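Thanks for coming. I will take one structure today, starting with the chain as a whole and then moving to two local features.

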Amino acid sequence: MQPLKPVFVSELFPTLLKELIDLLEGLKKEDWATPTMCGPWSVKDVCLHMLGGDISNLSWKRDGFSVFSEIDSYDHLVQLVNVHNARWVEGTQHFSPRFLIDSLKFTGEQVIDYFQSLDPYALGIPIDW
């Protein structure tokens with residue numbers, strides 16, 4: 001058997017971000033409230049979640065900052081993630097679509113820079129789920 005080789009994808013991220021922004025900029029006001037497959041979340045809620053993910057990646061992984069306490073079990077981890085996501089989406093409902101798009105551009109570019117700065121041969125942290 002041959003050893004597995006890494007699959008390099010970070011060069012695809014700028015195109016992906018551009019396509020996402022183009023899609024969001026084309027949405028009508030009522031499109032933002034459209035339900036999604038993500039439970040009770042609307043299109044706007046999913047975009048808010050994506051922004052929260054960008055901010056968390058930059059703060060935690062790039063900057064080494066975390067407010068999470070010790071995680072003592074898988075169930076505790078799931079609870080922390082779910083509560084964190086729900087609070088973020090609920091607390092950012094006042095973001096306008098324009099502000100949300102601008103924020104996703106801003107954080108998206110930084111996330112791309114961060115991911116492209118990583119050693120593609122280095123092992124990442126384990127993810128239990």
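**The chain overall**

Of the 129 residues in the protein chain, 23% are buried. Please keep in mind that this is a predicted model. The chain exposes about 9800 Å², and carbon and sulfur atoms supply 62% of that area.

On secondary structure, the chain has four helices and zero strands, so from the N terminus the order of elements reads α-α-α-α. Taking contacts between residues at least 6 apart in sequence, 73% join residues at least 24 apart.

**One helix pair**

Two packed helices are described by the angle between their axes and the distance between the axes. What are those values for α2 and α3? Helix α2, residues 43-62, and helix α3, residues 74-91, pack at an angle of about 115°, with their axes 9 Å apart. Their crossing is right-handed. On the α2 side, the residues that meet α3 are Asp45, Leu48, His49, Leu51, Gly52, Ile55 and Ser56. Their counterparts in α3 are His84, Asn85, Trp88 and Val89.

**A surface patch**

Now to the segment before α1 (13-25), where valine 7 sits. Is valine 7 buried or exposed? Its relative accessible area is 70%, so valine 7 counts as exposed, the cut-off being over 50%. Together with Val9 and Leu12, Val7 makes a nonpolar surface patch of about 290 Å².

Terms used. Residues are numbered from 1 along each chain as its sequence is written. This is a predicted model: local features need pLDDT of at least 70, side-chain atom pairs count only at pLDDT 80 or more; totals for chains, interfaces and linings use all residues. Side-chain values use heavy atoms; hydrogens and water are left out. Patches are made of residues with over 30% relative accessible area and no salt bridge: like charges are joined within 9 Å, nonpolar side chains (Val, Leu, Ile, Met, Phe, Trp, Tyr) within 5 Å. Accessible areas come from the Shrake-Rupley method with a 1.4 Å probe; for residues, only the protein chains shown count as cover. A salt bridge is a side-chain nitrogen of Lys or Arg within 4 Å of a carboxyl oxygen of Asp or Glu. Helices (H or I, at least four residues) and strands (E, at least two) are DSSP runs, numbered from the N terminus. Buried means under 20% relative accessible area, exposed over 50%, partly exposed in between (1.4 Å probe, protein chains only). Axes are lines fitted to C-alpha atoms, for helices over the stretch in contact, and angles run from 0 to 180 degrees between N-to-C directions. A crossing is left-handed if the near helix is turned anticlockwise from the far one by less than a right angle, and right-handed if clockwise. Contact means heavy atoms within 4.5 Å.
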